[in-house]
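Hi,

Here is the structure I promised to pass on.

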Amino acid sequence: MYTFGKNNDEGQLGHGDLEARGVPELILSLKEAGEKIDKVECGFMHCVALTSLGKILTWGRGTKG
């Protein structure tokens, strides 16, 4: 999965840091874990992904659930 954006203040891009990305960049931790993403939903400061193995992964701001 690739993400990019000018705001990554809450880690919502999923790269393990708070750096903005101007071009799409592969989320290495997903690749290294061998996870295949089937579905993804992103909000204002968070993302939720469902893997092919049925795992639910989240990252970014988690203040409202």
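Two things before you start. This is a predicted model, where local features need pLDDT of at least 70 and side-chain atom pairs count only at pLDDT 80 or more, while totals for chains, interfaces and linings use all residues. Residues are numbered from 1 along each chain as its sequence is written, and side-chain values use heavy atoms, with hydrogens and water left out.

**Strands**

A word on terms: helices (H or I, at least four residues) and strands (E, at least two) are DSSP runs, numbered from the N terminus. Two strands pair if DSSP finds at least two bridges between them.

Start with β1 (residues 2–5) and β2 (residues 21–26), which pair in the antiparallel sense over 3 bridges. G5 has R21 as its bridge partner in β2. G5 also sits on the covered face of β1 together with T3, whereas Y2 and F4 make up the uncovered face.

Then there is an open sheet of 3 strands, in the order β3-β4-β5, with antiparallel pairing. Its edge strands, β3 and β5, each pair on one side only. On average, and ignoring direction, neighbouring strands in this sheet are turned by 20° against each other (axes are lines fitted to C-alpha atoms, for helices over the stretch in contact, and angles run from 0 to 180 degrees between N-to-C directions). Strand β4 (residues 46–51) is joined to β5 by 5 bridges, and H46 stands opposite G60 in β5.

**Salt bridges**

Side chains of opposite charge can pair when their charged atoms come close. I found 3 salt bridges in the structure, each meaning a side-chain nitrogen of Lys or Arg within 4 Å of a carboxyl oxygen of Asp or Glu.

R21 turns up again here. R21 bridges to D17, with the closest N and O atoms 3.0 Å apart, and to E25, where the closest N and O atoms are 2.8 Å apart. For burial, I use buried for under 20% relative accessible area, exposed for over 50%, and partly exposed in between (1.4 Å probe, protein chains only). R21 counts as buried because its relative accessibility is 10%, while D17 is partly exposed at 25% and E25 is partly exposed at 34%.

E35 pairs with K55, and their closest N and O atoms are 2.9 Å apart. This pair links distant parts of the chain, 20 residues apart: E35 is in the loop between α1 (28–32) and β3, and K55 is in the loop between β4 and β5. E35 is buried, at 14% relative accessible area, whereas K55 is partly exposed at 42%.

Which residues does I37 touch, leaving aside its neighbours within four places in sequence? They are M1, L30, A49, L50, T51 and L57, where contact means heavy atoms within 4.5 Å. I37 lies in β3 (residues 37–42) and is partly exposed, with a relative accessible area of 26%. The C-alpha atoms of I37 and W59 are separated by 14 Å, with the two residues 22 apart along the chain.

I56, in β5 (residues 56–60), counts as exposed because its relative accessibility is 62%.

Cheers
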